[in-house]
Amino acid sequence: MDRIATWLHEKNPGLDGPIGTDEDLIEARLIDSMDFLEFVDLLEELSGTTIDLQEVTIDDFRTLDSVQKRFLSACP
């Protein structure tokens with residue numbers, strides 16, 4: 001999750017402090033439509049799998065908790 005937090009801070013230079021695991025990344029505008037595909041690429045890299053966007057929902061990307069559960073639960 002550190003790489004994801006680092007990526008989010010890079011995309012949002014004004015963001016200070018840690019990101020809560022239950023913070024809504026979309027509502028807080030930490031991930032926008034311009035960055036979404038890059039975020040998916042990062043998750044694919046971290047998980048070692050391809051994400052089929054037809055098999056997921058926006059809620060799978062909404063919080064760090066949901067990202068962890070949906071895409072990274074098998075990762076160390």
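**The core and its surroundings**

Modeller: Glu-45 counts as exposed, at 52% relative accessibility. Here buried means under 20% relative accessible area, exposed over 50%, and partly exposed in between (1.4 Å probe, protein chains only). The model is predicted: local features need pLDDT of at least 70 and side-chain atom pairs count only at pLDDT 80 or more, while totals for chains, interfaces and linings use all residues. Residues are numbered from 1 along each chain as its sequence is written, and side-chain values use heavy atoms, with hydrogens and water left out.

The side chain of Glu-45 meets that of Arg-3 in a salt bridge, 2.8 Å from N to O. This pair links distant parts of the chain, with Arg-3 in helix 1 and Glu-45 in helix 2, 42 residues apart. Helices here (H or I, at least four residues) are DSSP runs, numbered from the N terminus. A salt bridge is a side-chain nitrogen of Lys or Arg within 4 Å of a carboxyl oxygen of Asp or Glu, and the count by this rule is 6. Side chains of opposite charge can pair when their charged atoms come close. Arg-3 itself is partly exposed, with a relative accessible area of 45%.

Lys-11 and Glu-38 also form a salt bridge, at 3.0 Å from N to O. Here too distant parts of the chain are linked: Lys-11 in helix 1 and Glu-38 in helix 2, 27 residues apart. Lys-11 is partly exposed at 30%, and Glu-38 is partly exposed at 36%. Asp-35 joins Lys-11 and Glu-38 in a network of salt bridges.

Now the inside. In soluble globular proteins, nonpolar side chains tend to be buried together. A nonpolar core is a set of buried Ala, Val, Leu, Ile, Met, Phe, Trp, Tyr and Cys residues joined through side-chain atoms within 4.5 Å. The largest one in this model has 19 residues, of which Ile-4, Leu-8, Phe-39, Leu-43, Phe-61 and Phe-71 touch the most other members. At least two residues of this core come from each of helix 1 (2-11), helix 2 and helix 3. Helix 2 gives the most, with 5 residues.

Next come the rings. The structure holds 4 aromatic pairs. In one of them, Phe-39 and Phe-61 are edge-to-face, 6.4 Å centre to centre with 65° between the planes. Phe-39 lies in helix 2 (residues 33-47) and Phe-61 in the loop between helix 2 and helix 3 (64-71), 22 residues apart. Rings of Phe, Tyr and Trp (its six-membered ring) pair if their centres lie within 6.5 Å; planes under 30 degrees apart count as stacked, over 60 as edge-to-face and the rest as tilted. Both Phe-39 and Phe-61 are buried. Neighbours within four places in sequence aside, Phe-39 is in contact (heavy atoms within 4.5 Å) with Ile-4, Trp-7, Ile-31, Phe-61 and Val-67.

Helix 3 has Leu-64, Ser-66, Val-67 and Phe-71 buried. These cover an arc of only 160° around the axis, which puts them on the same side of helix 3; the arc is that of the directions from the helix axis to the C-beta atoms. The buried residues of helix 3 pack against helix 1 and helix 2.

Leu-72 lies in the segment after helix 3 and is buried, at 5% relative accessibility.

Last, the loop between helix 1 and helix 2, where Asp-24 is placed. A polar atom of the Asp-24 side chain lies 2.9 Å from the backbone nitrogen of Glu-27. The Asp-24 side chain also makes a polar contact with that of Arg-62, at 3.0 Å. A polar contact is a pair of N or O atoms within 3.5 Å; within protein, one must be able to donate a hydrogen and the other to accept it, and residues adjacent in sequence count only if both atoms are side-chain atoms. Arg-62 forms a salt bridge with Asp-59 as well, the closest N and O atoms being 2.8 Å apart. Asp-59 counts as partly exposed, at 45%.
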